[in-house]
Each structure stands twice: as structure tokens, then as C-alpha cells.
Amino acid sequence: KRVSGMMAQFIKWTETVDASIDSTELKVVSRQHVYSGTLDAVGRLNGKPCVFDWKTSAGIYADMGLQLVAYAQAYKELTGVDCKLGIIVCVSKKRPHLVTTQEFTLGKRLLGKFLKLRQEFEQEVAA
């Protein structure tokens, strides 16, 4: 029952946006920066190439953009398509299953932040 309610709200949201999905659950690899992952979806939002990430968490946080920019970089290496836009779409598990979204600009500054945090993590693991 909960999942049905969440999906109903998600479907309502999709009817309010100009979006199309080209691929879902796509495995991507950044050979340049040596990481991989599976992005939820990639397509277009308002006519612009976009990385989509679906969440069912308590909210959307600024650091979630780091995941989007990492996926966008790996996707660019794979396809040549430069996604400068990412969106988190969060459907709450609690009733009334609100849908919240946040768009992120996926550029060099955010990628640099991701790569710096990744480097710090690797140094911590190696220590």
C-alpha cells in the first residue's frame, strides 16, 4: 500500500515536468578518475541533458549533488554527452508521500569537490 501511494505521487510529478528518460540503471565508469557506479536515469529535463536520481530518503541534501556530478562525468566519458544538469527527485515514505526535487548545476567546481573528497577518503582508507 505504501509503495502504491509513493508511485502515485511520483506519477503525478512526472505529469508536471517536461522530462524524457533515455536510459535507466546504467553502469558507468570514469577511466580518467578511476571510479564506477550505476546511475538511476539519464535523459532530458526541459530539453537539456540531465542525470536523474530517485530517492526515498527523509530529504534532499546539498551533498547529493556530488553523486550526480560523478555520474555525469562518467556518462560523458562513455557517451560524449555533457550533462550540466542533475535533479534529485525524492518521494517521502511517510504519508502523504510528498515529492520534492532539487536541481543541481553539474560543473567543474562540483566535480572538483567530489574528486577532493574521494581523494581524502582514499588517503583515510590507506592510513
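Predicted model: local features only at pLDDT ≥ 70, side-chain atom pairs only at ≥ 80, totals over all residues.
**Pocket lining.** The largest share is from α2, with four residues. By residue class I get five nonpolar, two polar and four charged. For the volume of the largest pocket I have about 170 Å³.

**Main core.** Next I went to the nonpolar cores. The largest one has 21 residues, and Val51, Leu106 and Phe114 make the most contacts inside it. β2 (35–45), α2 and α3 (108–126) are each in for at least two residues of this core. Which element gives the most to it? That is α2, with nine residues. Then I checked what Phe114 touches: leaving out residues up to four places away in sequence, I find Tyr35, Leu66, Val69 and Ala70.

**Second core.** I then found a second, separate core of 11 residues. Trp13, Leu45, Cys50 and Phe52 are among them.

**Aromatics.** I looked up aromatic pairs and got four in the structure. Phe10 and Trp13 make a tilted pair, with 5.8 Å from centre to centre and 35 degrees between the planes. Both residues sit in helix α1 (residues 2–14), three residues apart, which is about one turn of the helix. Phe10 also pairs with Trp54, this time edge-to-face, at 5.3 Å centre to centre and 80 degrees between the planes. Phe10 is in helix α1 and Trp54 in strand β3, so this pair ties together parts that are 44 residues apart in sequence.

Trp54 comes out at 31%, so I put it down as partly exposed. Trp13 is buried, as is Phe10. I also noted that Phe10, Trp13, Phe52 and Trp54 form one aromatic cluster.

Most residues other than glycine have a negative phi, and most peptide bonds are trans. So I went through the exceptions. The peptide bond from Arg95 to Pro96 is cis, with omega near 15 degrees. Pro96 is in the loop between β4 (85–91) and β5 (99–105). His97 is in the loop between β4 and β5 too, and has a positive phi of about 55 degrees without being a glycine. With a relative accessible area of 6%, His97 is buried. Where does Asn46 lie? I find Asn46 in the loop between β2 and β3, with a positive phi of about 50 degrees although it is not a glycine.

**Tyr61.** Last entry. Tyr61 is in the loop between β3 (48–55) and α2 (64–79). Its relative accessibility is 49%, so I class Tyr61 as partly exposed; the label exposed needs over 50%. I also took the C-alpha to C-alpha distance from Tyr61 to Ile87: they are 12 Å apart in space and 26 residues apart in sequence.

Note on methods. Residues numbered from 1 in each chain as written. Heavy atoms only, no water. Buried < 20%, exposed > 50% of the residue type's maximum accessible area, 1.4 Å probe, protein only. Core = buried A, V, L, I, M, F, W, Y, C linked by side-chain atoms within 4.5 Å. Contact = heavy atoms within 4.5 Å. 1 Å grid on protein atoms, 1.4 Å probe; cavity = no way out; pocket = protein on both sides within 12 Å on 5 of 7 lines; lining within 4 Å. Points joined across faces, edges and corners; volume = space filled by probe spheres on them. Nonpolar A, V, L, I, M, F, W, Y, C, P; charged D, E, K, R; others polar. Phe/Tyr/Trp six-rings, centres within 6.5 Å; stacked < 30°, edge-to-face > 60°.
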